[in-house]
Amino acid sequence: MLDTCRVRGQGCSLLIITVACVVHAGIAPETSGSGDGDVGGVVAAVLGGGSEAEQKEVRGKLAAAYERHIAPAVKLDLCSSEAGGTGTGDGGKASRRRNAAGVEWTAGWCTQFSVLLQRGLKERRHESFNKLRIFQVLSVACLAGLLWWRTPAEHLQDRTALIFFFSVFWGFFPLYNAVFVFPLERPMLLKERSSGMYRLSSYFAARTAADLPMELGLPTAFVLILYWMGGLDPRPASFLLSLLVVLYSVLVAQSLGLAVGAVLMDVKQGTTLASVITMVFLIAGGYYVQHIPPFVGWLRWLNYSFYCYRLLLGIQFRDGGGVYDCGGGALCPVSEFPAIKAVGLNNHWIDVCVMALLLVGYRVVAYLALDRLRQR
């Protein structure tokens with residue numbers, strides 16, 4: 001066997017050590033030509049002239065057996081040694097007893113959350129506030145402000161189009177950015193979790209908290225620029241409510257992007273699915289198609305940008321919005337304007353609650369997908 005290892009290199013020695021550890025613990029995966037606990041049969045199946053598929057199968061069984069039976073004991077020994085080294089007298093013995101009872105983490109949840117939050121803020125500030133992204137958002141805001149410059153109140157078509165642009169841009173821009181998060185962090189997350197550094201819940205909570213100040217800064221600047229350039233309702237209450245609705249939509253869109261990225265864990269597949277979702281939600285957002293057939297009408301109720309659009313319309317056109325000139329000198333209620341009538345100006349609290357359910361639901365999906373994440 002030693003001669004064979006000299007030929008096959010260091011990877012073979014590591015494999016033999018792994019097999020020895022597994023058999024020493026009393027576990028040996030069942031493979032063709034080897035019985036339970038037969039080290040020679042397992043090693044021969046890998047080192048012999050077996051096919052590549054057989055060798056891959058044996059490696060997988062060895063790795064699974066190690067993770068299931070040996071890795072927890074190794075982590076427990078490390079925790080016990082750290083507690084025993086730092087503790088003295090009865091305190092050290094108490095720490096060792098607690099670890100032996102099954103305590104898996106050397107730091108509390110709050111400590112893990114605090115450390116991960118600090119790291120996340122340092123990392124995310126360079127991603128969220130890089131010069132290219134700032135230029136992208138501010139240039140779009142200024143260009144859109146020039147196109148909708150001081151839109152008169154009687155130009156309802158242009159005003160509703162501006163409101164729809166708010167809901168669409170900040171409904172899909174965060175979605176694409178969030179799709180990349182977990183696929184890019186996958187190697188680091190697997191490595192750190194396999195070494196028992198922190199709980200998944202502390203990582204996910206720290207990630208969510210770190211995103212709040214980073215992801216909401218640029219939307220706030222965007223609304224500040226475009227809202228006043230576009231000539232929307234100048235009342236402070238209307239401006240603040242519109243800003244809150246846009247930020248709310250950003251969080252929901254980011255949640256969907258995180259869920260897509262966590263489930264697929266592939267950048268190309270994630271961006272492809274995100275583009276399909278974007279097109280469907282854009283068409284069914286209530287502005288382009290105002291009479292959606294009933295058999296596909298349910299798409300609108302899954303569309304968070306639709307709720308954002310309706311909330312923004314309700315803020316700009318309070319109490320029905322007054323009247324407008326509908327041709328021939330006749331005055332018609334603003335609520336009867338086709339683009340507004342298609343979505344309505346009521347049920348705003350329902351819209352808020354549905355968006356809250358989508359926000360929580362998408363993040364639960366992302367968390368469960370990360371919890372099932374394993375090394376490929």
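## A loop residue with positive phi

M265 is found in the loop between α12 (236-264) and α13 (267-283); helices (H or I, at least four residues) and strands (E, at least two) are DSSP runs, numbered from the N terminus. The phi angle of M265 is near 55 degrees, a positive value in a residue other than glycine. M265 is also buried, with a relative accessible area of 8%; buried means under 20% relative accessible area, exposed over 50% and partly exposed in between, with a 1.4 Å probe and protein chains only.

## Basis of the description

This is a predicted model, in which local features need pLDDT of at least 70 and side-chain atom pairs count only at pLDDT 80 or more, while totals for chains, interfaces and linings use all residues. Residues are numbered from 1 along each chain as its sequence is written, and side-chain values use heavy atoms, with hydrogens and water left out.

## The chain as a whole

The secondary structure of the chain comprises 17 helices and two strands. Of its 376 residues, 42% count as buried. The accessible surface comes to about 20,000 Å², and carbon and sulfur atoms hold 65% of that area; accessible areas come from the Shrake-Rupley method with a 1.4 Å probe, and for residues only the protein chains shown count as cover.

Among contacts in the chain with a separation of 6 or more, 73% are accounted for by residues 24 or more positions apart. Contact means heavy atoms within 4.5 Å.

## Helices α12 and α17

Two packed helices are described by the angle between their axes and the distance between the axes. The axes of α12 and α17 come within 8 Å and cross at roughly 25 degrees. Axes are lines fitted to C-alpha atoms, for helices over the stretch in contact, and angles run from 0 to 180 degrees between N-to-C directions. The two helices α12 and α17 are therefore roughly parallel to each other; angles under 35 degrees count as roughly parallel, over 145 as roughly antiparallel, 65 to 115 as roughly perpendicular and the rest as oblique.

On the α12 side the contact includes Y248, L251, V252 and S255, and on the α17 side it includes V352, M355, L359 and R363. By class, the residues of the contact of α12 with α17 divide into 18 nonpolar, three polar and one charged. Ala, Val, Leu, Ile, Met, Phe, Trp, Tyr, Cys and Pro count as nonpolar, Asp, Glu, Lys and Arg as charged, and the others, Gly among them, as polar.

## Helices α15 and α17

Helix α17 (residues 348-371) also meets helix α15 (residues 304-316), where the axes come within 10 Å and cross at roughly 150 degrees. That angle makes α15 roughly antiparallel to α17. Y304, Y307, C308, R310, L311 and G314 of α15 meet H348, D351, V352, V354, M355 and L358 of α17. The residues of this contact of α15 with α17 comprise eight nonpolar, two polar and two charged.

Q316 has its place in helix α15 and, at 8% relative accessibility, counts as buried. Not counting residues up to four places away in sequence, Q316 touches R159, I163, Y227, L232, D233 and S242.

The loop between α7 (131-147) and α8 (156-179) holds T151, which is buried at a relative accessible area of 8%. T151 touches D158, R159, G230 and G231, again leaving out residues up to four places away in sequence. R150 lies in the loop between α7 and α8 and has a positive phi of about 45 degrees although it is not a glycine.
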